[in-house]
Amino acid sequence: MIEVRQLNKSFGSHQILEEVSFQIEKGESVVILGRSGGGKSVLLKHLIGLLRPDSGHVLIEGEDIVRMNERSLLRVRHKFGMLFQSAALFDSMTVEENVAFAFRQDRVIKPVEIGRKVAEVLDLVDLPGVGKKKPSELSGGMRKRVGLARAIVDRPEIVLYDEPTTGLDPIVSDSIDRLILRVRDHLDVTTVVVTHDMRTARRCGQRIFLLHNKRIYATGTADEIFNSTDPILRQFVDGVSDPKEAIF
Amino acid sequence: MIQQGKSLITDALEGLGRLTMLARECFVSLITAKVSWRDLLYQIYFTGVKSQSVVLITGAFTGMVLGAQTYFQFHKVRMDTATLAVVGVSMCSELGPVLTGLMVAGRVGAAIAAEIGTMRVTEQIDALRTLATHPVDYLVVPRLLALHVALPLLTIEAITVGIGAGYVVGVFLLGIDPVYSWHNMLKYTDVSDLMVGLIKSVIFGGIVALIGCYKGMNCGEGAEGVGRATTEAVVYSSITILITNFFLTMTLGRMLS
């Protein structure tokens, strides 16, 4: 369903991704792990065409989106839903308006039907009755839920999560993890989660990719990654810093 | 020094190229995408209705000062009754559109750049794109159309109030003969002067919208980036309006006179 071939990306002289290649099958749930600032979000944004690579290909159901212009990409993006790290809710709109945004230009669906779909998806993310609130009135966890509701209301085939639990307490993080699984099972979607939260990775990843030194360093099931004896993987899984390395 | 100069020229040309690409994308959007009437009406309300007080005050006091200054000069050569004619022509073809454009650039251009810039740094524009919405269709085109509609209407208001205020100052404060001065104004202020003003205002509306949107969509990161984009939107819009005005005056003056 998603195929990345020899992707390279630099910002100025700083190379972020180097010859990154992988495939994600339909219905699969993949977690991309990596250090902060290691290029995970950059990689995720390439999957939906928000960033363009310096070279390489991104194929969505066999269609290379790298060559598409912004207007052609709109058609492909109907297949996607994306939850941003900051939720990226439209702050001038209410929760209902945010969630219903996908239907804004769809004049075929009646407003009553849109209202029903919005209420249904807000129920799915455990947020009934907040439709009239503004994003500024919501907590961090609620904002992420609304962001997710907005991403899945139009029944996408692929849902991308950019650091879904960053900045949330462990209990809210746990509820977001459960929600990711519920959405995956309920809507039968392909899921790609970018995170450095090991608990999220273990729970949500049928397959885990470790992005290290600009490349996909390791791929495997959650058990394979978490039980690996590879020093780089162990360092990441156990969360041990190297005293010789300056990490801030 | 030479390198710095080259870099400045390159940046300026690059910016101009991107602005042209944005204008082209707006044109494509107008042909291919549906404009939301709700968004358009809201933008007309925000850019037009909400700017009225600023434009009316500007128009009124400009007309009053122009009337008074013209009278003081013309009175020396006993041409008092030509005062309103100068006010009429100046307000219609130059001061009305230019001052309205500058005031709207300050109020609306800054607001557009700040709003879109904030959306950019908070990933809201990326969110729009993931929701299969082209940012130009949703953010730029309604603002561009709204300013194309609102600025000529605001200019007409400024012209009307400016001439009225000039009349009040001339006739009631400085004692000019009302009948002769009104007659002279109608005699020397041609429809073509008003047309020049309206054509200019439509073009200035496009300048304010495009530069405001461009600066917002390409702003730097963080609060500093948004602040800089807002300032640049106002400065560049104002300068562009003043420079464009000269060329429009020369071109339209020859075409319509």
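Chain A has an open sheet of four strands, ordered S2-S1-S4-S5, with antiparallel pairing. Two strands count as paired if DSSP finds at least two bridges between them. Helices and strands here are DSSP runs, numbered from the N terminus: helices are H or I with at least four residues, strands are E with at least two. The edge strands of this sheet are S2 (14-24) and S5 (63-64) of chain A, and each pairs on one side only.

This is a predicted model, in which local features need pLDDT of at least 70 and side-chain atom pairs count only at pLDDT 80 or more, while totals for chains, interfaces and linings use all residues. Residues are numbered from 1 along each chain as its sequence is written, and chains are lettered from A and ligands numbered from 1 in the order in which they are written.

Strand S4 (residues 55-60) of chain A pairs with S5(A) in the antiparallel sense, over two bridges. Opposite Glu63(A) in S5(A) stands Ile60(A). Helix H1 (residues 40-47) of chain A lies across S1 (2-11), S2 and S4 of chain A, and runs at about 55 degrees to S2(A). For angles, axes are lines fitted to C-alpha atoms, for helices over the stretch in contact, and the angle runs from 0 to 180 degrees between N-to-C directions. Contact between two residues is that their C-beta atoms, placed from the backbone, lie within 7 Å.

Next, another sheet of chain A. It is an open sheet of six strands in the order S6-S7-S8-S3-S9-S10, and its pairing is mixed. Which strands stand at the edges? They are S6 (80-83) and S10 (215-220) of chain A; each has a single partner strand, so one side of each has no neighbour in the sheet. From one strand to the next, the twist averages 15 degrees.

Within this sheet, S3 (residues 29-34) and S8 (residues 190-195) of chain A run parallel and are joined by five bridges. Ile32(A) has Val194(A) as its bridge partner in S8(A). Helix H5 (residues 140-152) of chain A lies across S6 and S7 (158-162) of chain A, at about 170 degrees to S6(A). Helix H9 (residues 231-238) of chain A lies across S3, S9 (207-212) and S10 of chain A, at about 105 degrees to S9(A).

Now the domains of chain A. The assignment gives domain 1 (2-79 + 156-238) and domain 2 (91-151); such bounds come from an automatic or database domain assignment. Taken over C-alpha atoms, the centres of the two domains of chain A are 25 Å apart. In chain A, 11 residues of domain 1 are in contact with eight residues of domain 2. Helix H6 (residues 170-187) of chain A gives the most to the domain 1 side, with six residues. By class, that side of domain 1 of chain A has eight nonpolar, three polar and no charged residues. The classes are as follows: Ala, Val, Leu, Ile, Met, Phe, Trp, Tyr, Cys and Pro count as nonpolar, Asp, Glu, Lys and Arg as charged, and the others, Gly among them, as polar.

On to chain B. How many helices and strands are there in chain B? There are nine helices and zero strands. Along its principal axes, the C-alpha trace of chain B spans about 65 × 50 × 35 Å.

Helix H4 (residues 83-121) and helix H9 (residues 222-256) of chain B pack at an angle of about 150 degrees, with their axes 8 Å apart. That makes H4(B) roughly antiparallel to H9(B), a term for angles over 145 degrees. The contact of H4(B) with H9(B) has 13 nonpolar, 11 polar and no charged residues.

Helix H8 (residues 191-217) of chain B packs with H9(B) at about 155 degrees, the axes being 9 Å apart. H8(B) and H9(B) are therefore roughly antiparallel to each other. Their contact divides into 15 nonpolar, seven polar and three charged residues.

Last, the two chains together. 11 residues of chain B are in contact with 16 residues of chain A. The side of chain B that touches chain A has three nonpolar, four polar and four charged residues.

Technical notes. Parallel < 35°, antiparallel > 145°, perpendicular 65-115°, else oblique.
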